[in-house]
Amino acid sequence: MKDTLENKVDGVEDQAACQTEAETCECACPAEEVVDAIIRKRVYGAIGIGFVPVPLVDFLGLTALQIELIHALAKAHGVEFKKERVKSIISSLCGGLLTTASVPLAASLLKSIPVIGITAGAATISIMGGATTYALGWVFDRHFRKGGNLIDFDAEEAKTYFKEKVEEGKNFVGKLKKKVKKEAAEAPAEESATEAKTDAA
């Protein structure tokens, strides 16, 4: 009887301890909306960097932006940031994807070709740069949510998830670009309507 009571008490205590642990982890991790906003902001930035006309400057800018993204996520999760470690992880993740690793650099160099090169290079970098930035953000967020840090990050283990997120990122960037184009097309129409109302008044 005594054992049964002790087991019950221990069970309740264990359950309470687990619940407290879960709550602590939950509180320590930022809300998904916060993480989404952090990543989305940098994806917009990556798309914009793709249209920088100077070869290699855009590629370096994209790398700096991705490092800054990981810094922001590490800060949100309360994880110590180590720049050199982050650069090594990004290189390792992208190194497993020939297209991801080489396309932004090749597209950047492509911009040295007059007219056609700038257009093609900008389009490629904005899509792949945005997609890889999106993927990196969610890969690091997943790792940090599991209680990981930059020292124990296993790039090999993360590559499959990274590839999935790159494909997801391409779709995300495509939708963003369509949205921006739509808003840009609607803006002059709204201005014309406003002007017409002002003239009529």
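**Note on the predicted model**

1. Lys-159 lies in helix H7; helices here are DSSP runs of H or I of at least four residues, and strands are E runs of at least two, numbered from the N terminus. Lys-159 is buried, at a relative accessible area of 17%, where buried means under 20%, exposed over 50% and partly exposed in between, with a 1.4 Å probe and protein chains only. A polar atom of the Lys-159 side chain lies 3.5 Å from the backbone oxygen of Ser-92.

2. On conventions, this is a predicted model in which local features need pLDDT of at least 70 and side-chain atom pairs count only at pLDDT 80 or more, while totals for chains, interfaces and linings use all residues. Residues are numbered from 1 along each chain as its sequence is written, and side-chain values use heavy atoms, with hydrogens and water left out.

3. Glu-156 is also placed in helix H7. With 54% relative accessibility, Glu-156 counts as exposed. Its C-alpha is 7.4 Å from that of Leu-93, although 63 residues separate Glu-156 and Leu-93 in sequence.

4. Leu-93 contacts (heavy atoms within 4.5 Å) Leu-136, Val-139, Phe-153, Ala-155, Ala-158, Lys-159 and Phe-162, neighbours within four places in sequence being left aside. Leu-93 is also among the residues with the most contacts inside the largest nonpolar core, together with Val-43, Ile-70, Phe-140, Phe-153 and Phe-162.

5. That core has 36 residues; a nonpolar core is a set of buried Ala, Val, Leu, Ile, Met, Phe, Trp, Tyr and Cys residues joined through side-chain atoms within 4.5 Å. Two or more residues each come from helix H2 (32–49), H3, helix H4 (83–95), helix H6 (116–145) and helix H7 (155–200). H6 gives the largest share, 9 residues.

6. His-77 belongs to helix H3 (residues 57–77) and is buried, with a relative accessible area of 10%. Not counting residues up to four places away in sequence, His-77 touches Ala-28, Cys-29, Pro-30, Val-35, Asp-141, Phe-144 and Arg-145.

7. Confidence requires comment. The chain averages a pLDDT (the predictor's confidence in each residue, from 0 to 100) of 73, and 57% of the residues score at least 70. Among its elements, H2 has the highest mean pLDDT (92) and helix H5 (residues 98–110) the lowest (44). Values stay under 50 over residues 105–122, for which the model has 31 contacts beyond four places in sequence. Where pLDDT is low, predicted coordinates should not be read in detail.

Key
Polar contact = N/O pair within 3.5 Å; in protein donor to acceptor, adjacent residues only side chain to side chain.
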